[in-house]
Amino acid sequence: MTEASAHIPVLLAEVIEAVVLERDAGGTRADVIVDATFGAGGYSRALLDRGAQVVAFDRDPRAARFAEAIRRDYPNRFHLINRPFSELEAGLADASQDGCDGVVFDLGVSSMQLDEADRGFSFMRDGPLDMRMSQSGETAADLVNTAPEAELIRLFRLYGEEPKARRIAAALVRRRSEKPFTRTLDLADVIEQAVGGRRGAPTHPATRVFQALRIAVNDELDELESALDAAERTLRPGGRLATVTFHSLEDRIAKAFLTERTGRLPSGSRHLPPLARGPAPSFSLAFTGALSPQQVEIDANPRARSAKLRVAIRTEAPAWTTEPEGRRT
Ligand SMILES: C[S@@+](CC[C@H](N)C(=O)[O-])C[C@H]1O[C@@H](n2cnc3c(N)ncnc32)[C@H](O)[C@@H]1O
């Protein structure tokens, strides 16, 4: 394992203010807040400091090393669950909870995952072409070496928004027929050659393909959709949902979910019959749009530059889904 710098929590003060209710201050029970993306535990510790009970999730078994000190400081108010956050309900049951008062998502990978070369997330550090947060299942090498060319093109376009998807996929397929990919830097070099070098581009030419592979290997977008449905089912009325996203694909999912569940359905055309009304809104927005970090935070932590925070409040209305798979009732 290479030395990793500790993860600096993004929008920490804003997230904590958004989800801590303190309606039970001095009352009978502490609010139960789900930290869906534990990482190094920055949010969890701040929530515990504010008196909440925290049920944290991380699918990465290596995150457990950051839980020991927190558990020592808060032996009765903290649980870390090693499950994907789409299994929110099962994880809450593991922690003997039947609902929650807040759910926070801080999406993507942690600084530790990026910095540890053996995780294979970085095109800047040589390591095995892995990218699995959970350290189980199909690796990025499996995907790059076996997916049909058309599938690679689709992934690079859809998850990487890569304009040169076709050219890159063709180069990968040509190269893998001679020698399969096993290392991150080897893949990054082949991508760089396929697009004709860096040509003064501000980002490395492999950036978008690495993002696409990471999203595909970890099924990140389906995970988020399922987890938002699960948050709706488990949040008690008045409870808060906060999402911190880092790229447009994630943010689009969070925004579309909140647009729908707050009842802001498209108004339709005046030439057509009115659209059918959906179920009663299950959320109201805490504020319109998304909050971005202040420049001073971006200067201190460049990783924060693309962060967007959205916050909504659970209403009394029933959840729109009843099934863990997200099937509509
Ligand atoms: C950006 S980091 C979170 C950092 C954290 N807020 C902190 O302050 O240290 C994201 C973490 O979420 C985890 N993660 C991402 N997707 C996940 C999923 N679907 N289920 C569970 N954990 C996930 C990653 O393994 C990573 O550790």
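Entry one, the open pocket. I looked up which helices line the largest pocket: α5 (111-115), α7 (149-160), α10 (207-217) and α12 (248-261) each supply at least two residues. Of these, α10 gives the most, with 5 residues. Helices here are DSSP runs of H or I with at least four residues, numbered from the N terminus. The model is predicted: local features need pLDDT of at least 70, side-chain atom pairs count only at pLDDT 80 or more, and totals for chains, interfaces and linings use all residues. Residues are numbered from 1 along each chain as its sequence is written, and side-chain values use heavy atoms, without hydrogens or water.

I noted a volume of about 1100 Å³ for the largest pocket. A volume is the space filled by probe spheres set on grid points, which are joined across faces, edges and corners. On a 1 Å grid over the protein atoms alone, a pocket is an open set of points with protein on both sides within 12 Å along at least five of seven lines; in a cavity a 1.4 Å probe fits but cannot get out; lining residues have an atom within 4 Å of a point.

The lining of the largest pocket counts 31 residues, and L114, T207, Q211, R214 and R305 lie nearest its centre. By class I find 11 nonpolar, 12 polar and 8 charged. Asp, Glu, Lys and Arg count as charged; Ala, Val, Leu, Ile, Met, Phe, Trp, Tyr, Cys and Pro as nonpolar; the others, Gly among them, as polar.

How many cavities of 30 Å³ or more does the whole structure hold? My search gives 1. The largest cavity has a volume of about 450 Å³. Its lining has 35 residues, with T37, D58, D106, L107 and G108 nearest the centre. The most come from α11, with 4 residues.

The ligand takes the space of the largest cavity (more than half of its atoms lie within 2 Å of the grid points). I list 25 residues around the ligand, and D58, F85, D106, Q113 and E223 come nearest (near is a heavy atom within 4 Å). The shell divides into 10 nonpolar, 8 polar and 7 charged residues.

I then checked atom distances. A backbone N or O atom of A40 lies 2.9 Å from a ligand oxygen atom. A polar side-chain atom of E223 is 2.9 Å from a ligand nitrogen atom.

How values were computed
A polar contact is a pair of N or O atoms within 3.5 Å; within protein, one must be able to donate a hydrogen and the other to accept it, and residues adjacent in sequence count only if both atoms are side-chain atoms.
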